[in-house]
Amino acid sequence: RRENASGKTLFEALDSILPPKRPTDKPLRLPLQDVYKIGGIGTVPVGRVETGILKPGMVVTISPANITTEVKSVEMHHEALSEALPGDNVGFNVKNVSVKEIRRGMVAGDSKNDPPKEAKSFNAQVIVLNHPGQIHAGYAPVLDCHTAHIACKFAELKEKIDRRSGKKLEDNPKSVKSGDAAIVELIPSKPMCVESFSEYPPLGRFAVR
């Protein structure tokens with residue numbers, strides 16, 4: 001039975017969706033996925049721009065190694081770019097840096113605009129989805145954060161919280177188990193770059209395995 005319908009068609013509704021704004025206004029963050037040595041060119045780190053803009057001629061700091069170098073060129077799919085934007089998977093040639101000095105898990109940023117730094121420790125909200133038994137302080141699982149894969153020690157269970165509202169339920173819990181959420185102080189076992197979720201979301205998320 002046909003009736004008069006009002007409102008938008010599916011295509012009109014889809015066309016009215018605005019694309020998300022890319023975080024180009026934030027300082028550069030580019031986690032390294034790999035590092036290659038290419039004959040005649042030199043050292044070429046590869047990764048995805050998460051925030052900011054990468055341009056040839058920029059001076060970048062690669063942390064936590066704390067190496068500062070100039071970007072000679074930027075390429076995507078074998079084509080030279082004048083700039084790389086968030087979401088772009090790029091390779092960039094760096095001056096006077098050996099492939100032995102930098103590796104996957106490090107983060108490149110603009111040396112003049114809030115460059116990335118090593119985090120000696122950080123507080124994180126952890127939700128235990130599935131874990132056999134109790135988790136106590138001293139537990140040291142591997143964290144996957146951006147491209148880094150590093151064991152981090154649960155130094156202190158600061159508070160147990162409601163996983164939906166975020167409200168505090170208990171101070172300094174002895175342990176947490178499946179279904180619990182907690183604020184935990186984590187200490188990386190090796191130098192690691194991590195950022196606050198509010199400032200750089202892609203570098204403030206992690207999975208614990």
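Figure 1. The centres of domain 1 and domain 2, taken over C-alpha atoms, lie 29 Å apart. At the contact (heavy atoms within 4.5 Å), 14 residues come from domain 1 and eleven residues from domain 2. Domain 1 covers 29-116 and domain 2 covers 119-208 of the protein chain, with bounds that come from an automatic or database domain assignment. This is a predicted model, in which local features need pLDDT of at least 70 and side-chain atom pairs count only at pLDDT 80 or more, while totals for chains, interfaces and linings use all residues. Residues are numbered from 1 along each chain as its sequence is written, and side-chain values use heavy atoms, with hydrogens and water left out.

Figure 2. One salt bridge is counted between domain 1 and domain 2, the term meaning a side-chain nitrogen of Lys or Arg within 4 Å of a carboxyl oxygen of Asp or Glu. R29 and E195 meet through their side chains in a salt bridge of 2.7 Å, N to O. Strand 1 (residues 30-38) gives the largest share of the side of domain 1 that touches domain 2, namely three residues. Strands (E, at least two residues) are DSSP runs, numbered from the N terminus.

**Figure 3. Strand 4 and its antiparallel partners.** Strands pair if DSSP finds at least two bridges between them. Strand 3 (residues 59-63) and strand 4 (residues 67-76) run antiparallel and are joined by four bridges, with V59 standing opposite E70. Strand 4 also pairs with strand 6 (residues 89-94) in the antiparallel sense over four bridges, and there E75 faces G91. With strand 5 (residues 79-80), strand 4 makes an antiparallel pair over two bridges, where M76 has E79 as its bridge partner.

**Figure 4. Turns and backbone details to zoom in on.** As background, most residues other than glycine have a negative phi, and most peptide bonds are trans. The hairpin of strand 3 and strand 4 has three residues between the strands, and N66 in the turn has a positive phi of about 60°. The loop between these strands also holds P64, and the peptide bond from S63 to P64 is cis, with omega near 5°. In the hairpin of strand 4 and strand 5, two residues lie between the strands, and H77 in the turn has a positive phi of about 50°. N96, although not a glycine, has a positive phi of about 50°; N96 sits in the loop between strand 6 and strand 7 (107-110).

Figure 5. The side chains of D144 and R209 meet in a salt bridge at 2.4 Å, N to O. D144 belongs to strand 9 (residues 142-145) and R209 to the segment after strand 13 (206-208), 65 residues apart. The whole structure contains 14 salt bridges.
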